[in-house]
Amino acid sequence: MPHASDTASETARAGSLPRLFVTKLVHFTKKLVRLFIRPMRGGDKGEGGVIVHPYRGYGSHTEAFIMGRVFRQPGRLMKWEKGGTARDLVDVTRRLVRHGVRDARVDIRLGATHATVTTDRDGYFHAHIDITHTLPAEATWHSVKLQVVSEDDAISTETEIYIPPASTDLIVISDIDDTVMYTGVANKLKMLYRLFMEKADQRTAFPGVAALYRALYGGAEGNRKRPMLYVSRGPWSIYEVLEMFFNMNRIPVGPILFLREWGMTLKRPWPRKAEDHKSDVICNMLSLYDTLPFILIGDSGQRDPEVYTEIVKMHPDRVRAIYIRKVDDDPERDAAIEALANEVRHAGCELILARDSVSIAEHALAKGYISEEGCEAVREDTHRQQQQ
């Protein structure tokens, strides 16, 4: 028969679980709110007006691509000298009610290069700029000034574009969902929970993935500073979440997070298919950096192997390796991927189905894509994280 003290102890533990959950939920909610309102703490200083929310740009020494969105947002009715819950809630409301500005003219200046673009019906702009002056040869990040010239109350801002240095020897393009971070792509509800509810700490990253991407970034010499491009099926609204995730895990951010508009409406409440989005991004990068070879990284849970195989067929001899993270235990899926590996082998590419980051790192080391030190760091990080 259980002792009375044991029963009381179990009851206390059972009672503490809801309190612990509530405490974690409150903590997470505060972090999510701060992340959500971060754009509202920027250039408008609570006054409201028309602002540009830019994303990282990219390009070469002859052309650049910049994307962003123009918003009109209300100001705060009251002034707060310090932050607090009330101010946070006001800024949440300000972000919820702000809206994209249609047909706004955005002035873009990159050094001596100048261009003007117009926003679409949702306030987005996609600028393709021909660079008319010489940029510093080895600089990778270049400052760009943005100003909405069609609105009197517009607030200017700045962003950066990434241009690979002349020493770049290889470009890495990676999927994010279930390749870099756990999202459960095969399970839509789990994916949405992880994207919008879980905090962006190391427990959401695959073991060893940060060390692997740092090794690929550095190359065999350790200082290559290769472009690291990331593609996600997620919407632009999670841009800040992913950016925080990469920073917290010390994963090289590279130039861009290629996200997409989900295109959801009342008639079509689910996101559109992502295969074309990923294929288009990669083909555009192959065209932009037409003298450089590529490595593609994805996972077995969706159609990454099929999409990458088609790209290799369309662009033979441009893709050195395809790394597919194995995220399931389906023998039929393994066989299908092996068949794809045989197809790309004829185009001078290797497709590797890997269970962990170490397997990818060891192949990359054997091919001279990363250093021995980088590979050892992947082994150590993977082992340490698996023990946690």
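Over which residues does pLDDT stay under 50? In this predicted model, that stretch is residues 262–272, for which the model has 14 contacts beyond four places in sequence. Where pLDDT is low, the predicted coordinates should not be read in detail. For the protein as a whole, the mean pLDDT is 79, and 71% of the residues reach 70 or more.

The protein has ten helices and 16 strands. Of its 388 residues, 50% count as buried. The exposed surface comes to about 19700 Å², with carbon and sulfur atoms supplying 54% of this area. Among contacts with a separation of 6 or more, 70% are accounted for by residues 24 or more positions apart.

Strand 5 was examined together with its pairing partners. Strand 5, residues 105–110, pairs with strand 6, residues 113–118, in the antiparallel sense over six bridges. Within this pairing, Val106 of strand 5 stands opposite Val117 in strand 6. Two residues lie between the strands of the hairpin, and Gly111 takes a positive phi near 60 degrees there. Strand 5 also pairs with strand 8, again in the antiparallel sense, over four bridges. Here Ile108 has Leu146 of strand 8 as its bridge partner. In a regular strand the side chains alternate between the two faces of the sheet.

The loop between strand 7 (124–130) and strand 8 (141–148) holds Thr140. Thr140 counts as buried because its relative accessibility is 16%, and the cut-off for burial is under 20%. Leaving aside neighbours within four places in sequence, the contacts of Thr140 are with Ile161, Tyr162, Ile163 and Pro165.

Aromatic side chains were considered next. A search of the whole structure finds four aromatic pairs. One of them joins Tyr58 and Phe65, whose ring centres are 5.2 Å apart; the pair is stacked because the planes meet at 15 degrees, and planes under 30 degrees apart count as stacked.

Tyr213 and Tyr230 form another stacked pair, with 6.0 Å from centre to centre and 15 degrees between the planes. This pair links distant parts of the chain, since Tyr213 belongs to helix 4 (residues 209–218) and Tyr230 to strand 12 (residues 228–235), 17 residues apart. Both Tyr213 and Tyr230 are buried. Together with Phe246, Tyr213 and Tyr230 make up one aromatic cluster.

Two arginines are placed over aromatic rings. Arg98 lies over the face of Phe71, 3.6 Å from the ring centre. Arg325 takes up a corresponding position over the face of Phe206, at 4.4 Å from the ring centre.

Helix 7 spans residues 304–314 and is mostly covered, with eight of its eleven residues buried. The buried residues are Asp304, Pro305, Glu306, Val307, Tyr308, Thr309, Ile311 and Val312. An α-helix has 3.6 residues a turn, so residues three or four places apart point the same way.

Positive phi values occur in residues other than glycine as well. Asp317, in the loop between helix 7 and strand 15 (319–325), has a positive phi of about 70 degrees. With a relative accessibility of 63%, Asp317 counts as exposed, because the cut-off for that class is over 50%. Lys225 has a positive phi near 55 degrees and is placed in the loop between helix 4 and strand 12, the two elements that carry Tyr213 and Tyr230. At 44% relative accessibility, Lys225 counts as partly exposed.

Methods
Residues numbered from 1 in each chain as written. Predicted model: local features only at pLDDT ≥ 70, side-chain atom pairs only at ≥ 80, totals over all residues. Heavy atoms only, no water. pLDDT = per-residue confidence, 0-100. Contact = heavy atoms within 4.5 Å. Phe/Tyr/Trp six-rings, centres within 6.5 Å; stacked < 30°, edge-to-face > 60°. Buried < 20%, exposed > 50% of the residue type's maximum accessible area, 1.4 Å probe, protein only. Lys NZ or Arg CZ within 6 Å of the ring centre and 35° of its normal. Areas by Shrake-Rupley, 256 points an atom, 1.4 Å probe, with all protein chains shown as cover. Pairing = 2+ DSSP bridges.
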